[in-house]
Amino acid sequence: LDHSLSQSLKRHHNADVPIGIVLSGGVDSSLLACKSSEVAPTPFPCFTMDFKQTEFSEAHEAARLANLIGTEHTVFNLHEESFFAQWKALAWQTDAPIFDNSFPATSELYRQVRKHVKVALSGDAGDELFLGYETYRADQLASVLRQGGELSAALLRFASRAVPVQFGKVTPSYKLRAFARAFARSAPRAHGGWRELAGHNSLIRMVHPEKRAPLSEFDPAVRYESIFQRVKEADFLTAMSFLDLETWLPNNILVKADRASMAHGLEVRVPFLDKEVVQLALSLSDKQKYSFFQPKKILKELLYQKIPSYPRNLPKRGFGTPMSEWLKGPLMSSLHSTTKTPSPLWDWINPTELTRLGEEHAAQKADHGFLVWALLALVGWLEQLGEERARARIPNARIHIENPKEELCPSPA
């Protein structure tokens, strides 16, 4: 593994422009940053996005790693006030709607990074290849609990209703509700269900009755079943990872990175997707890559060899924005005004349902942060699309985008 990553980094180091690393403080990007000194005279400069909400911040871990390897480290901050003024422009920047709420932070990070380098290396795909996601832990736990049949289902339903709603970074209450909703399904369907924005019935409820028929017949989980049938002879969690490698990674992670970076003229490279690294990862057994209390353990062991003082029990944070908390603030007024503004979306979605979701969220009766942001992003994108079409129809008309070049956060001192 060490050799394969070194060879990959050598190939990705081939550039006649400055190169940097997007450093989250997690294992994947930390390992790339550490090994960069093996392929370059000095480690690549590193760049991190920070938030004032401490549970979303990885700046401390990233700074510690950068100090240990002796590299330049720059931290940017995403301010929610600036984000509120720009969210429609961000929705348009995606070309087609992207509902991942980490896109605003990713876009701003890449915009700032482009001021320093022209190529950035990313730790994307490490979680899919080496079993780093919490969803793999959910897969393993569900396979055990399903043996309890209806008793397990009843206990989970009770627990999901009894635990108070929490706002934060994929909180225990959010994970419990997602797990209870999907665990009784078949393994591949449950794996897809861990990331659902809402249950199928909840989504159908939002649609006007006369429009529900085609959606009721649509079953996105068929794709997961089909992929799983091809790889079911592999180790269980590796088979689950194939679902992510063919859906979540290319349709979300890489699309998000590509559109966010290209909008600012930054080239992002993904060393973990080097052919040699992928082949090696898929040849390893689940036990070599994963244990319930130490996901991605082979990468962690390699990082500990490189940096023995690297903290061994850091929780996995992932990269996201504090959208659930932000939606309780100024963005909620945008939500209310949006439901009163004409939009093609209201031909399908009942705007009163969006209002209901917002009210439940504001009262912390439920965490609808992911879903409400997805709907807001779609509304904003459709609004900009309408203005673009109007500009195409009217000579000399100009599309109005709310100053997308304005900085979302100030440059670091």
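**Core packing and the parallel sheet**

Leaving aside neighbours within four places in sequence, Phe130 is in contact (heavy atoms within 4.5 Å) with Leu1, Phe272, Val277, Ala281, Leu284, Lys289, Lys296, Ile298 and Leu299. The model is predicted, so local features need pLDDT of at least 70 and side-chain atom pairs count only at pLDDT 80 or more, while totals for chains, interfaces and linings use all residues. Residues are numbered from 1 along each chain as its sequence is written, and side-chain values use heavy atoms, with hydrogens and water left out.

Phe130 also stands out in the largest nonpolar core, where Leu129, Phe130 and Phe272 touch the most other members among 51 residues. Such a core is a set of buried Ala, Val, Leu, Ile, Met, Phe, Trp, Tyr and Cys residues joined through side-chain atoms within 4.5 Å; buried means under 20% relative accessible area (1.4 Å probe, protein chains only). Helix α14 (residues 236–262) provides the largest share of this core, 7 residues. Another core lies apart from it and has 47 residues, including Leu78, Leu109, Val113 and Trp326.

Turning to the sheet, 5 strands form an open arrangement with parallel pairing, in the order β3-β2-β1-β4-β5. Helices (H or I, at least four residues) and strands (E, at least two) are DSSP runs numbered from the N terminus, and two strands pair if DSSP finds at least two bridges between them. At the edges, β3 (73–77) and β5 (267–269) each pair on one side only. Parallel strands β1 (residues 19–22) and β2 (residues 46–50) are joined by 2 bridges, and Val22 has Phe47 of β2 as its bridge partner.

Key: Buried means under 20% relative accessible area, exposed over 50%, partly exposed in between (1.4 Å probe, protein chains only).
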